[in-house]
Amino acid sequence: MAMTDEEIELRQLHIELENNFKPIFEKHGRQGVSLGELRVELEEEGLLEHIGRSRMDELLLLADRDRDQNITYREFYRMMTHELTAEERRPFKRVMRAAIADLVPRRMREDFLANYNCCPPPIFIPLISAIEIGIFIYYVFELKEDGIETTATSGVPIKSPLVYNPRRRYEAWRFATYMFIHQGYVHIISNMVFQIAFGLSLEMVHKFWRVGLVYVLGAIAGCLIHSVTDMQVSLVGASGGVYAILGAHVAAIVINWREMNYRCLDPQELEDNVCCGFCRILLSAPVRLAIILILVVPDTAIAVYRRITEPEEFKVGVSAHIGGFVAGIFMGVLILRNIKRHSWERTLGWTMLALYLAFVAFCALFNVFYPGYPETDWNKLEL
């Protein structure tokens with residue numbers, strides 16, 4: 001028996017909905033998609049350009065048949081096949097698909113562990129680590145040609161254009177590129193271990209563009225505060241960026257405290273999946289915070305002690321560590337992914353940005369106008 005044009009269209013619509021929309025709804029679970037959030041997304045995606053606001057509200061109200069303020073796939077299917085006119089279906093399908101795809105499933109907003117994934121895979125931390133290691137190896141051979149051996153704690157190309165040099169502060173790139181240079185094997189190995197161990201896990205949730213931005217801003221902040229507190233001393237090492245990663249973990253804990261503790265002490269979780277249950281405990285907010293503090297506090301205390309007591313040639317710069325860590329917290333609150341954002345967190349983020357910019361402005365002006373820096377070296381770089 002031949003099918004009418006309307007029956008053929010409905011059959012094609014059924015196939016399209018099953019293939020393209022049902023998988024998206026399944027990510028949101030049985031409760032479906034929040035009606036209020038979907039309305040906002042539809043407006044942002046431009047649905048009002050195709051149908052009026054009153055018609056959109058009417059369709060969403062018709063779709064929410066059980067009045068639970070959520071739309072399930074079954075309700076959505078009925079709306080698409082029974083409530084829309086043929087002229088409305090084409091723009092509504094396109095906009096609706098984009099809107100639903102943009103909504104974060106409720107479980108992911110409650111469960112921080114559900115947000116770990118490798119799509120896209122960690123990019124920034126492996127890339128920056130490879131660059132830093134490659135540059136270190138390059139200078140090991142260059143120094144060797146000059147008769148200088150690189151050891152566990154010595155061997156730094158002090159004349160490199162990448163090193164922060166207080167006598168060449170007008171070369172502004174040095175405030176960031178110093179992170180590519182390390183002094184000895186222990187220095188680079190410890191930094192690489194820290195940034196890979198803590199950076200990769202951060203990227204799996206917050207993605208490379210956020211982690212990369214926090215890392216670079218932390219490195220710049222570390223060098224700026226070093227330039228203000230240790231005006232006579234050059235600076236090398238990725239410690240500012242590494243400590244920014246550690247500070248970013250603290251920021252992530254602050255803005256996602258509740259989500260990180262999702263079911264972490266739930267006996268049912270341990271009973272259902274012992275491995276997952278223990279992962280939740282190890283990745284819970286209090287445990288994460290304790291690990292960060294155990295690493296940061298003793299290391300910083302030792303650096304401060306060495307800064308005060310060691311002979312001049314063995315002194316350790318500590319201000320870059322502190323500056324990077326604080327910048328990681330400040331910028332992390334604003335930049336890192338917030339699984340469930342509250343209004344106070346948004347206010348806190350913008351406040352942190354204002355403080356960071358004020359800090360940068362102060363350091364820049366201090367570098368320009370303070371007369372106590374060593375005499376500026378205007379000689380041409382020797383490459």
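Which residues do ring pairs link into a cluster? In this predicted model, the cluster is made up of Phe362, Phe366, Tyr370 and Tyr373, joined by ring pairs. A charged side chain also meets one of these rings. Arginine 169 lies over the face of tyrosine 373, 3.8 Å from the ring centre.

Now widen the view. The structure holds 11 aromatic pairs in total. A pair of aromatic rings is described by two values, the distance of the centres and the angle of the planes.

Take tyrosine 170 and tryptophan 378. Their ring centres are 4.5 Å apart. Their planes meet at 20°, and planes under 30 degrees apart count as stacked, so this pair is stacked. Where do the two residues sit in the chain? Tyrosine 170 belongs to the loop between α7 (124-145) and α8 (174-177). Tryptophan 378 lies in the segment after α17 (343-369). The pair therefore ties together parts that are 208 residues apart in sequence.

How accessible are these two partners? Tyrosine 170 is partly exposed, with a relative accessible area of 36%. Tryptophan 378 has 65% relative accessibility; exposed means over 50%, so tryptophan 378 counts as exposed.

Phenylalanine 208 and tryptophan 209 form another aromatic pair. Its geometry is edge-to-face. The centres are 5.1 Å apart, and the planes stand at 85° to each other. Is each partner buried, exposed or in between? Phenylalanine 208 is partly exposed, at 30% relative accessible area. Tryptophan 209 is also partly exposed, with 45% relative accessibility.

Methods. Residues numbered from 1 in each chain as written. Predicted model: local features only at pLDDT ≥ 70, side-chain atom pairs only at ≥ 80, totals over all residues. Heavy atoms only, no water. Phe/Tyr/Trp six-rings, centres within 6.5 Å; stacked < 30°, edge-to-face > 60°. Helix = DSSP H or I, 4+ residues; strand = E, 2+ residues; numbered from the N terminus. Buried < 20%, exposed > 50% of the residue type's maximum accessible area, 1.4 Å probe, protein only. Lys NZ or Arg CZ within 6 Å of the ring centre and 35° of its normal.
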